[in-house]
Amino acid sequence: MPENLTRREFIGELGKLGAAASLVPMVAAGESMNTKPFSLGRPGWIKELDEPLTEVDWSQVARYNERHTTRRGFNLYVEQERIDQLSSLSKELLEDNLKNDVPGYTLKDRALQRAARGGGASRTFFLDPEKVQGPDTWGVPKWTGTPEEASQLVSAAMRHMGAATVGFVELQTETTEKFIYSVDPDGKELRIEDVDMPEETEDYRVIPKKARYAIVYTVQMSEETMARCPTVLGSLTTSLTYTRSQNVQERAQVFLNGLGYMGLAESSTNALGISPALGVYAGLGELSRYNRLLTPEYGPMVRVFKILTDLPLAPTKPIDAGLYKFCHHCKKCAEACPGKALSFDDEPTWEIAGGWNNPGHRAWFEDSVLCRFYQRTYTGTNCGLCFSACPFATKNLASFNRVRNYMAATMPAFDKTFKSMDDLLYTNIPLEFGKPQKDCEEWWTLNLPDYGIDTVQTVRETDHS
Amino acid sequence: MFWLIAGLVLGAAIFWLATGGKVKLTWYEWVLGILGIILILFALQNYSASQVALEPKAGGLLLLIFGLPGLIFAAIAGVLAFLRSRKQEEAA
């Protein structure tokens with residue numbers, strides 16, 4: 001405050017001080033939060049849509065039994081005797097490769113893969129209310145705010161705990177609620193009922209109808225490690241991402257409980273609901289030719305997870321970043337697939353490839369049995385070549401990659417040119433059968449960042465204007 | 001630091017050419033020169049970023065694909081300006 005004031009100036013300055021002082025409690029109580037609509041803050045050339053580009057016929061969509069996927073229900077599609085043969089082949093291959101020091105299968109690779117699989121928090125449908133601290137234990141009412149504020153809050157918290165992008169879907173009984181599995185991977189039925197609290201028994205789990213909001217989030221995978229697939233070394237990319245996601249999940253549940261709301265999550269890997277479908281509806285990406293989520297920030301280099309809550313959240317919209325259209329022309333994942341499990345069709349179809357697909361949407365459906373046959377016969381572990389060969393599986397540091405991303409979203413006429421450029425610059429197709437794109441032994445000499453990922457990438461890609 | 005130095009050098013060169021230089025560029029020499037410089041800078045950024053991204057082959061090819069035309073455009077602009085100024089000097 002200036003030293004020589006007239007009486008009028010003095011009263012004016014006092015007024016300013018008073019106004020500032022009156023704002024302090026509001027800031028402390030969190031009431032001064034940004035009231036702008038929540039968005040993922042993407043560049044303007046990524047268009048938001050009311051409906052995703054993937055067409056859905058809701059009358060044909062039913063809640064899917066997760067045990068019909070080939071991950072759990074391989075024996076629904078292949079005779080047990082054949083499965084046993086494949087398992088023996090897989091085991092022999094791993095043993096031979098280990099003893100013969102085959103790059104990507106050596107003792108150090110096996111040890112690291114084992115390590116990557118451990119250390120994650122245990123997955124739980126919901127946390128024990130007795131053990132979680134929340135508003136009741138602290139003697140305050142539960143957090144309240146607008147859905148936009150809630151989305152901002154949850155996104156900030158989850159990104160800080162390891163999520164890459166976070167989006168939200170409001171479940172509607174006749175449509176998006178059908179993305180919740182009818183049966184979880186462990187065989188427990190998932191019931192959606194008009195009850196106040198979630199419940200879990202030996203046979204079923206109950207999701208209260210009021211848990212209408214799906215938090216859908218991605219966790220980044222390492223492009224550099226995935227480029228070593230299909231080997232044990234390459235496979236630890238997914239192992240590590242799953243264990244990291246377990247930590248994100250449990251912390252998010254604790255956070256939601258702390259605010260005074262429920263957090264119903266995946267009780268095991270790939271539980272609760274169909275990740276790519278929820279990811280598409282949350283606008284985290286688009287459905288790709290390899291029938292998984294393709295994101296504008298990380299391409300295919302993510303895994304997708306979900307949590308249901310009764311905290312009202314502002315939904316995020318599906319997007320058009322030109323990725324789905326790019327897949328029409330590209331076909332690189334299908335060319336790279338040694339198991340010939342991916343579609344070469346120009347257009348997606350309504351016809352599913354088998355019981356492992358959920359009907360009712362137009363997509364390029366994969367032959368999941370062929371995929372697993374290849375993995376068990378030739379790799380002894382999982383594959384991932386469709387992910388690593390994708391032109392969008394780049395680190396986006398070079399301007400060329402950013403120009404490609406922009407052009408894919410705005411000028412699809414150049415899609416084929418960019419696919420040809422990718423063949424020239426990054427991955428020569430056809431790949432040598434069963435061989436990784438990059439040297440596995442070299443991987444051990446690289447000075448990769450934490451978790452092998454670039455956590456600044458999303459911030460760099462965000463439009464801050 | 002590289003981009004700061006490159007920006008300063010380029011800025012000084014363009015300022016000199018536009019104001020105090022002996023050689024006055026024609027409009028098409030400006031177009032060719034600026035296009036060449038943009039392509040060279042694009043090539044250099046892609047090269048250095050690809051090295052960081054552990055994609056040396058992509059870096060080398062991008063340097064060639066964008067750097068070579070950039071050099072050619074910049075060289076054409078420079079040679080045209082040089083020949084014209086020499087002709088003017090001879091005439092004078």
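Chain A of this predicted model averages a pLDDT of 91, with 91% of the residues scoring at least 70; pLDDT is the predictor's confidence in each residue, from 0 to 100. Residues 17-31 of chain A stay under 50, and the model has 3 contacts for them beyond four places in sequence. Where pLDDT is low, the predicted coordinates should not be read in detail.

A word on conventions: residues count from 1 along each chain as its sequence is written, and chains are lettered from A in the order in which they are written. Local features need pLDDT of at least 70, side-chain atom pairs count only at 80 or more, and totals for chains, interfaces and linings use all residues.

H3(B) bends by about 30 degrees at B:Gly67, with B:Pro69 following within four residues. That bend is the angle between axes fitted to the seven residues ending there and the seven starting there.

Buried residues of H3(B) include B:Phe66, B:Gly67 and B:Phe73 (20 or more other C-beta atoms within 10 Å of their own, C-beta atoms being placed from the backbone). Here is what the buried residues pack against:

| Helix | Residues |
|---|---|
| H14, chain A | 399-410 |
| H15, chain A | 415-425 |
| H2, chain B | 27-52 |

Across the chains, 12 residues of chain B are in contact with 10 of chain A, contact meaning C-beta atoms, placed from the backbone, within 7 Å. H2(B) gives the most to chain B's side, with 6 residues.

Technical notes. Helix = DSSP H or I, 4+ residues; strand = E, 2+ residues; numbered from the N terminus. Buried ≥ 20, exposed ≤ 12 C-beta atoms within 10 Å, placed from the backbone. Contact = placed C-beta atoms within 7 Å.
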